[in-house]
Amino acid sequence: MPSLLQSTANTRPVLPGNDRLLRSDVPLSPTPADVDFLLSRSITTLIDLRSEAEITRKPCSLASDARFTYHHMPVTGGNAMPNSPADVPLSYLRMVDAQMERILRTIQESEGVMYFCTAGKDRTGVVSALLQREYGMSPEAIAAEYALSGDHLQSLFTDFYARHPEINVEIYTPKKEYMLQFLAMLA
């Protein structure tokens with residue numbers, strides 16, 4: 001399934017059959033059609049999970065659009081790169097704290113929400129997994145949905161790896177086993 005927005009690579013529903021709760025990569029330059037899509041579904045709450053430095057480098061233009069309520073709610077440790085593939089699930093576990101509880105509460109108290117980080121895979125993936133778990137999705141279904149980010153972001157990954165050959169591809173690529181290990185640690 002392609003991204004729901006023209007200006008992003010990884011926008012999709014969090015829960016099957018629910019088009020009012022979306023996960024995404026950052027919408028840097030949304031098209032008028034993208035804005036219409038969000039507004040037509042009453043998605044007017046935006047939650048930016050990125051750090052202040054990331055927002056300064058690449059601001060979300062919807063933050064200043066009066067039709068949306070924009071929340072900057074950075075995920076604890078969310079922009080830190082894990083040291084190894086084995087550290088990926090642990091890095092996800094470190095994101096689950098009081099700030100994550102505030103993020104989840106804001107989502108649950110809103111009518112229509114889109115939340116996002118830079119690529120929409122790690123920080124956004126953790127938020128999604130916690131919501132999906134709460135709504136009764138199985139660990140296998142959550143992990144499969146998480147892994148879709150790898151498909152959606154393939155062209156971005158190719159470009160990123162070409163510019164950063166020092167980065168271990170295994171750390172950056174969403175793998176089902178990372179999510180399954182994270183979910184097992186939560187139990």
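The model is predicted, with local features resting on pLDDT of at least 70 and side-chain atom pairs on pLDDT 80 or more, while totals for chains, interfaces and linings use all residues. Residues are numbered from 1 along each chain as its sequence is written, and side-chain values use heavy atoms, leaving out hydrogens and water.

## The largest pocket

Let us start with the open space. The largest pocket has a volume of about 1000 Å³. Here a pocket is an open set of points on a 1 Å grid over the protein atoms alone, where a 1.4 Å probe fits, with protein on both sides within 12 Å along at least five of seven lines. Grid points are joined across faces, edges and corners, and the volume is the space filled by probe spheres set on the points. Lining residues have an atom within 4 Å of a point. There are 37 of them in the largest pocket, and Glu54, Thr118, Ala119, Phe160 and Tyr172 are the closest to its centre.

Helices α2 (52-57), α3 (87-94), α7 (154-163) and α8 (169-172) each supply at least two lining residues, with α7 giving the most, five residues. Helices (H or I, at least four residues) and strands (E, at least two) are DSSP runs, numbered from the N terminus. By class, the lining has 17 nonpolar, 10 polar and 10 charged residues; Ala, Val, Leu, Ile, Met, Phe, Trp, Tyr, Cys and Pro count as nonpolar, Asp, Glu, Lys and Arg as charged, and the others, Gly among them, as polar.

## Nonpolar cores

A nonpolar core is a set of buried Ala, Val, Leu, Ile, Met, Phe, Trp, Tyr and Cys residues joined through side-chain atoms within 4.5 Å. Buried means under 20% relative accessible area, exposed over 50%, and partly exposed in between (1.4 Å probe, protein chains only). The largest core has 31 residues, of which Ile107, Tyr115, Val127 and Met179 touch the most other members. Its contributors of at least two residues each include α4 (98-108), β5 (113-117) and α9 (176-186), but the largest share, five residues, comes from α5.

Leaving aside residues up to four places away in sequence, Tyr115 touches Val14, Ile47, Ile107 and Val127, among others; contact means heavy atoms within 4.5 Å. A second, separate core of 13 residues includes Leu5, Phe37, Ile43 and Cys60.

## Cysteines and single residues

A disulfide is counted when a pair of cysteine sulfur atoms lies within 2.5 Å, and the count comes to zero. The sulfur of Cys60 is too far for a bond, because the closest cysteine sulfur, in Cys117, is 12 Å away.

| Residue | Relative accessibility | Class |
|---|---|---|
| Cys60 | 5% | buried |
| Cys117 | 3% | buried |
| His71 | 26% | partly exposed |
| Ser42 | 29% | partly exposed |

His71 sits in strand β4 (residues 69-72). Beyond its neighbours within four places in sequence, His71 is in contact with Thr45, Leu46, Ile47, Asp48 and Thr106.

Ser42 belongs to the loop between α1 (32-40) and β3 (45-48). Its phi is near 60 degrees, a positive value in a residue other than glycine. Most residues other than glycine have a negative phi.

Finally, Pro59 lies in the loop between α2 and β4. Its C-alpha atom is separated by 9.0 Å from that of Pro27, 32 residues apart along the chain.
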